[in-house]
Amino acid sequence: MSIAAEIVTCNETADAFQKLYYEKLDKQRHGTHGLVNLYMPEAILTWNGNTAKGKSSIADLLGNLPMSTCNVHSVDAQPINEKAFNNKAIMVAVTGNIKYAGISDKEFAQTFCITENRHFYYENII
């Protein structure tokens, strides 16, 4: 695959992923089909200075957040060299606003590293 084609595929994958992620964040944080199923078992999530390691801890952290509505402003994606993960991976950066129930809008920047199986390994939310 050419570099140009790889970048197009990378951006299409990132866009589909962010739509799925924020839909689940806003509407399906709990349950067997919820947001936590997008995480690999060894994933690490840092959310406003709170770190959760592993799916169970991530489910607890996300489950304690108030209901939200996300509005994505930008998505940027870059392919990561396969040697880094022994698999194809994409770095995805997202910016936007999030509104929690009873709290005014907050801006956010979020970074994902997603692997070929569409799970992500690490994210950092600022």
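# Notebook: a predicted model, end to end

From the N terminus on, I read the elements of the protein as α-β-β-α-β-β-β-β. That gives two helices and six strands. I took helices (H or I, at least four residues) and strands (E, at least two) as DSSP runs, numbered from the N terminus. The model is predicted, so I noted its limits: local features need pLDDT of at least 70, side-chain atom pairs count only at pLDDT 80 or more, and totals for chains, interfaces and linings use all residues. Residues are numbered from 1 along each chain as its sequence is written, and side-chain values use heavy atoms, with hydrogens and water left out.

**Entry: overall figures**

I looked up the accessible surface of the protein, which comes to about 7,200 Å², with 54% of it belonging to carbon and sulfur atoms. Such areas come from the Shrake-Rupley method with a 1.4 Å probe, and for residues only the protein chains shown count as cover. Buried residues make up 38% of the 126 residues. For burial I used relative accessible area: buried is under 20%, exposed is over 50%, and partly exposed is in between (1.4 Å probe, protein chains only). Among contacts with a separation of 6 or more, 46% join residues 24 or more positions apart. A contact here means heavy atoms within 4.5 Å.

**Entry: helix α1**

I then went to helix α1, which covers residues 3-27 and has 25 residues. From its first C-alpha to its last it reaches 36 Å, close to the 36 Å expected at 1.5 Å a residue. The expected span is 1.5 Å times one less than the number of residues. Which residues of α1 are buried? I found C10, T13, A14, F17, Q18, Y21, Y22, K24, L25 and D26. An α-helix has 3.6 residues a turn, so residues three or four places apart point the same way.

D26 lies in this helix and counts as buried because its relative accessibility is 14%. Its side chain reaches the backbone nitrogen of C70 at 2.9 Å. I counted a polar contact as a pair of N or O atoms within 3.5 Å; within protein, one must be able to donate a hydrogen and the other to accept it, and residues adjacent in sequence count only if both atoms are side-chain atoms. Not counting residues up to four places away in sequence, D26 touches M67, S68, T69 and C70.

**Entry: cysteines**

C10 is buried at 3% relative accessibility, and C70 is buried at 17%. How many disulfides are there? I counted zero, with a disulfide taken as a pair of cysteine sulfur atoms within 2.5 Å.

**Entry: aromatic rings**

I found six aromatic pairs in the structure. The rings of Y21 and Y22 have their centres 5.0 Å apart and their planes at 85 degrees, so this pair is edge-to-face. Rings of Phe, Tyr and Trp (its six-membered ring) pair if their centres lie within 6.5 Å; planes under 30 degrees apart count as stacked, over 60 as edge-to-face and the rest as tilted. Both Y21 and Y22 are buried. Y21 and F112 also pair edge-to-face, because their ring centres are 4.8 Å apart and their planes at 65 degrees. Y21 lies in helix α1 and F112 in strand β5 (residues 106-115), so the pair ties together parts that are 91 residues apart in sequence. Both Y21 and F112 are buried. One aromatic cluster is formed by F17, Y21, Y22, F108 and F112.

**Entry: strands and loops**

M40 lies in strand β1 (residues 39-47) and is buried at 17% relative accessibility. M40 and I114 are 74 residues apart in sequence, and their C-alpha atoms are 9.6 Å apart in space.

I found N48 in the loop between β1 and β2 (50-53). Is N48 buried or exposed? At 55% relative accessibility, N48 counts as exposed. Its phi is near 50 degrees, a positive value in a residue other than glycine. Most residues other than glycine have a negative phi.

K88 sits in the loop between β3 (68-80) and β4 (89-100) and is partly exposed at 42%. Leaving aside neighbours within four places in sequence, K88 is in contact with E82, I114, T115 and E116. The C-alpha atoms of K88 and T115 are 5.8 Å apart.

My last stop was G96 in strand β4, buried with a relative accessible area of 4%. Beyond neighbours within four places in sequence, its contacts are N71, V72, H73, K106, E107 and F108.
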